[in-house]
Amino acid sequence: MITRTRLAAGACALLAALTAGIAFPAGAAAGEPTGEDAPKVNLVLDVSGSMRTRDIDGGTRMAAAKQAFNEVLDATPEEVRLGIRTLGADYPGDDRKTGCKDTAQLYPVGPLDRTEAKTAVATLAPTGWTPIGPALLAAADDLDGGDGSKRIVLISDGEDTCAPLDPCEVAREIAAKGIGLTIDTLGLVPNTKMRQQLSCIAEATGGTYTSVEHTDELTDKVNQLVDRAADPVVTPVATEGADTCAEAPTLKSGLYTDREEFGKQRWYRVDVLPGQELRASVSVGADRAVNPSYGVLLRAVTVHGREIVRGEAAGNGRTDVISTGLRYPKAESDEEDAPAETVCLQVTNSFSVASGVKTTPGLPLELTVDVVDGPSDADDVASFGLGRGWWLLGVLVLIGFAAGLLWGWLSRWRLAVWRTN
């Protein structure tokens, strides 16, 4: 068993490397940034009637959004392909069926003409309904194609008014496609119901939710999200684990995404050569309401079923994502052409849901696999699962030996004194 300290350090280092956009070796990596496609951002703005409300810095919510958009358009990096989509901007009537189709592409996703985009924003006037679900589906279609990063930034001042097309379910469907699209949400002067809905949308795709009550806050946050899209990213590759190791896909170093049913397991295979070290970590997200007390287990086993090492973590409902990881260094071989060992990775979860909560699609799972050259220092190898615990074991043995000698000497001395007296 790898100690918790080494496990946390290894997993954090691995995730930090991925976040920094470090590419894996050519021809052996999955989910690496190619640099061939420009990052895309689609700003989705709520233009429903409630945006007339005057409660942001003495002006209307619409005025705050327009000012923020103009400043964001001026600061958008040249390499970002930016578009603008509206919801509730065109239909002023009371027909719900028509109002829930009211979403339009105000400015197409592509090279930015700042003057043209600002002119389009200036024409907006608060009008109708709040069809968030249909707008997200259309916004995802706007970003279709290419391997670069894709981000939707949704700005709304109210919850969706077009159920039963639940926008949270729409976000989960988008995430399940494995196209690497992130949805960030911003709530203008939010209430509890709106905050819950926008948070759920963001969490389903690994995005963020932010409450906004001032114009400068809105400007700063949208700018931050647009700039983030321009940063190098690693796009997860969609894969599908199997029910058994024998049927599992063989993965190389990279970042992968999958779906795992509640209380089920997924298997993957990784080939590790002598002298290499396998580092793996997994995160499972609770993208819907789940019961407290849950856990995730990541095991590395041989093809014959013998466990090599494991990592596990438990949660109590206070976090939406639970993660764990493991390391397995394979010893060097005296044979020049020694074959690789196939290691089976098993991911198991113990999530459960209350009655009435949908169990499909499964929970979003993100798996990181990294096969690197093994550590050169002997003390960096997790020997029999103890790692540097051997130092502590050795110290305890010496202390026990010294204590035994001392106790034996004291016992003989006391016996000798007793006989003398």
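This is a predicted model: local features need pLDDT of at least 70, side-chain atom pairs count only at pLDDT 80 or more; totals for chains, interfaces and linings use all residues.
Mentor: Residues are numbered from 1 along each chain as its sequence is written, and side-chain values use heavy atoms, with hydrogens and water left out.

Trainee: Why are strand 12 and strand 17 called paired?

Mentor: Two strands pair if DSSP finds at least two bridges between them. Eight bridges join strand 12 to strand 17 (residues 341–349), so they meet the definition. They run antiparallel, and aspartate 271 stands opposite threonine 342 in strand 17.

Trainee: What makes strand 12 and strand 15 edge strands?

Mentor: Strand 12 (265–272) and strand 15 (307–315) each pair on one side only. The open sheet has the order 12-17-14-15.

Trainee: How do you know which residues make the contact of helix 2 with helix 8?

Mentor: Contact means heavy atoms within 4.5 Å. Among the residues listed are Ala64 and Val72 of helix 2 and Leu218 and Val226 of helix 8. The helices pack at an angle of about 35°, with axes 9 Å apart; axes are lines fitted to C-alpha atoms over the stretch in contact, and angles run from 0 to 180 degrees between N-to-C directions.

Trainee: What makes a set of residues a nonpolar core?

Mentor: Its members are buried (under 20% relative accessible area, 1.4 Å probe, protein chains only) Ala, Val, Leu, Ile, Met, Phe, Trp, Tyr and Cys residues joined through side-chain atoms within 4.5 Å. The largest here has 31 residues, Leu218 being one of those with the most contacts inside it. Helix 2 gives the most to this core, with seven residues.

Key: Helices (H or I, at least four residues) and strands (E, at least two) are DSSP runs, numbered from the N terminus. Buried means under 20% relative accessible area, exposed over 50%, partly exposed in between (1.4 Å probe, protein chains only).
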